[in-house]
Amino acid sequence: MVVTKFHPFSDQVHLAQIGAGDLGENRVQEAQAKAQEWEDADPNIAAGGLLDAESFPPRPRLHMIGHIQSKKTGAVARWADEVQSVDSIKVAEGLSRGRVREIDEFGAAPLRCLVQLSLDGDTSRGGAAAADLDGVCARIAELPGLELGGLMVVPPLDGESATHFERAAGFWADLRSEYPEATEFSAGMSGDLEAAISAGSTCVRVGTSILGPRPIL
Ligand SMILES: *Cc1c(COP(=O)(O)O)cnc(C)c1O
């Protein structure tokens, strides 16, 4: 997955053009604005005049990978193809309510959700503490409009990322034994993707290595 946060919509278009089928965003407002641009896109203007209408690419799958305030869940449920950062029952319930509306009104597909694990329990960086993981997963699995797709982790800043990924993989194995459909293990970013793949990651989320440094706001 290419992480396009802080980069403009035109970069999403160019990535889609060269075959990137999955894009990730971690800030709700920015993600939503870009999703809206896909809906509104005048092919020529959107791509900076570089593409003609025929070669304008189809919209890639858009993934939310950052923390969501529970009051923002309804908006995310409208555009996201997947949410990798579900970290509380409250967020899951909000996404479910929003997605059920989309399904009823527009025939949308169920929203695939990964539960985000916080390995050090510092939930200010996002993620559910290990002790809360089962409860969040069970709620996602039973709520209408949602599908439990697997586990996501952002490793703690301290310690070896390889060790963190091995631990997270253990939680993923437990999760899969209860929910066979939870096939995704999203782990690894530009700086640690080899270690994540060694631990069994099925999805690396790469921003900087592909797009260069993010502009500092
Ligand atoms: C920004 C971000 C990434 C990508 O990080 P890079 O180091 O730029 O590859 C991956 N996952 C999450 C949750 C992010 O917020």
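Okay, let's start with a list of names: Q116, L117, S118, L119, D120, D122, R125, G126, V154, P155 and P156 line the largest cavity. Before I go on, please keep in mind that this is a predicted model.

So how much space lies in the largest cavity? About 60 Å³. And how many cavities of 30 Å³ or more does the count come to? One. As for the kinds of residues in its lining, by class there are five nonpolar, three polar and three charged ones.

Please hold on to V154 from that cavity lining, as that name comes back in a moment.

Next, the pockets. About 330 Å³ of space lies in the largest pocket. There are 18 residues lining it, and the ones closest to its centre are K5, N26, V154, M189 and R205. There's V154 again, then: it lines the largest cavity, and it is also among the residues closest to the centre of the largest pocket. By class, the largest pocket has five nonpolar, nine polar and four charged residues in its lining.

And where does the ligand sit? In that largest pocket. Around the ligand you'll find V3, K5, N26, I65, V154, M189, S190, R205, V206, G207, T208 and R214. Sorted by class, that shell comes out as five nonpolar, four polar and three charged residues.

Let me walk you through a few contacts. N26 has a polar side-chain atom 3.3 Å from an oxygen atom of the ligand. With R205, an N or O atom in the side chain is 2.9 Å from a nitrogen atom of the ligand. G207 does things through its backbone: an N or O atom there lies 2.8 Å from a ligand oxygen atom. And how much of the ligand's accessible area does the protein cover? On its own the ligand has 390 Å² of accessible area, and the protein covers 89% of that.

Last stop, the second largest pocket. About 200 Å³ of space lies in there. The residues lining it are Q32, A35, Q36, E39, R59, A75, R78, W79 and E102. Which elements give two or more residues to this lining? Those are α2, residues 28–40, and α4, residues 73–79. Of the elements, α2 gives the most, with four residues. By class, the lining of the second largest pocket divides into three nonpolar, two polar and four charged residues.

Definitions and conventions
Residues are numbered from 1 along each chain as its sequence is written. This is a predicted model: local features need pLDDT of at least 70, side-chain atom pairs count only at pLDDT 80 or more; totals for chains, interfaces and linings use all residues. Side-chain values use heavy atoms; hydrogens and water are left out. A residue is near a molecule or strand if one of its heavy atoms lies within 4 Å of it. A polar contact is a pair of N or O atoms within 3.5 Å; within protein, one must be able to donate a hydrogen and the other to accept it, and residues adjacent in sequence count only if both atoms are side-chain atoms. Accessible areas come from the Shrake-Rupley method with a 1.4 Å probe; for residues, only the protein chains shown count as cover. On a 1 Å grid over the protein atoms alone, a cavity is a set of points where a 1.4 Å probe fits but cannot get out, and a pocket is an open set with protein on both sides within 12 Å along at least five of seven lines; lining residues have an atom within 4 Å of a point. A molecule sits in a cavity or pocket if more than half of its atoms lie within 2 Å of its grid points. Ala, Val, Leu, Ile, Met, Phe, Trp, Tyr, Cys and Pro count as nonpolar, Asp, Glu, Lys and Arg as charged, and the others, Gly among them, as polar. Grid points are joined across faces, edges and corners, and a volume is the space filled by probe spheres set on the points.
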